[in-house]
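Here's a quick tour of a model, written for someone who likes to know the cut-offs. Have the coordinates open as you read.

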Amino acid sequence: MSTDEVLAGVGPRLRQLRKEREVTLTSLSETTGISVSTLSRLESGLRKPSLELLLPIAQAHGVALDDLVGAPPVRDPRVRSEPICRYGRTHWPLTRQPGGLQAFKVLEPQQERVVELRTHEGYEWLYVLSGKLRLVLGDHDIVLTAGEAAEFDTRVPHWFGSTGEGPAEFLSLFGPQGERMHVRARPKRRAEDE
């Protein structure tokens, strides 16, 4: 629904609400401090609704501002995705739009895998939720444990997978080349600051 369509529906809603509550324009004017002519023009669509006008009307009727403007309901923010099995791993997509930054929750089972370094355009960020995840990045061969993160340019030869010591659960964020993750965190308090 476009903004113009939403605004066009405000007047009729205002009139209907006032009539349902059996309130006259004069009475509403006295309650809100808005002139009768302004209220009449709002209801007939001759005056564009503004926050300064709608807030006192909503308050007078005891309704939410969203009810006056007919705001569309907020869609369910939960991401429900079907798991994808790839390379022996289970991936749950956490983002809805293709392209741009992609997020996945990944379950890496305990398995023996051959380390095959690969490169491609992009930037990746890994965060281990549980277990241990082996990361081979260039000349580095490290094991990430729960609570640890790694970020890297995927043009550097890399591989990550099972350590062979049990399953690992981790988050993977992947973005196009040049798009890096931005982590905002409050710094730890020093003892002398307390």
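Predicted model: local features only at pLDDT ≥ 70, side-chain atom pairs only at ≥ 80, totals over all residues.

## A helix pair and a sheet

Helix H2 (residues 25-32) packs against helix H3 (residues 36-44) at an angle of about 115°, and their axes are 9 Å apart. That makes H2 roughly perpendicular to H3, a label used for angles of 65 to 115 degrees. Axes here are lines fitted to C-alpha atoms, for helices over the stretch in contact, and angles run from 0 to 180 degrees between N-to-C directions. H2 passes H3 in a right-handed crossing, that is, the near helix is turned clockwise from the far one by less than a right angle.

Who does the touching? On the H2 side, Leu25, Thr26, Leu28, Ser29 and Thr32 make the contact, and H3 brings Val36, Leu39, Ser40 and Glu43; contact means heavy atoms within 4.5 Å. Sorted by type, the residues of this H2 and H3 contact come out as 4 nonpolar, 4 polar and 1 charged.

Residues are numbered from 1 along each chain as its sequence is written, and side-chain values use heavy atoms, with hydrogens and water left out.

Helices (H or I, at least four residues) and strands (E, at least two) are DSSP runs, numbered from the N terminus. Now the sheet: it is open, with 6 strands in the order E1-E2-E3-E9-E4-E7 and antiparallel pairing. Strands E1 (84-86) and E7 (149-153) sit at the edges with a single partner strand each, so one side of each has no neighbour in the sheet. Neighbouring strands of this sheet are turned by 25° against each other on average, direction ignored.

Two of the pairings, where pairing takes at least two DSSP bridges:

| Strands | Sense | Bridges |
|---|---|---|
| E1 and E2 | antiparallel | 3 bridges |
| E2 (residues 89-93) and E3 (residues 102-108) | antiparallel | 4 bridges |

In the hairpin of E1 and E2, with 2 residues between the strands, tyrosine 87 takes a positive phi near 55°. Arginine 86 has arginine 89 in E2 as its bridge partner. Towards E3, tryptophan 92 stands opposite lysine 105, and proline 93 is partnered by phenylalanine 104. E2 is mostly covered, with 4 of its 5 residues buried (under 20% relative accessible area, 1.4 Å probe, protein chains only).

Notes:
Buried < 20%, exposed > 50% of the residue type's maximum accessible area, 1.4 Å probe, protein only. Parallel < 35°, antiparallel > 145°, perpendicular 65-115°, else oblique. Nonpolar A, V, L, I, M, F, W, Y, C, P; charged D, E, K, R; others polar.
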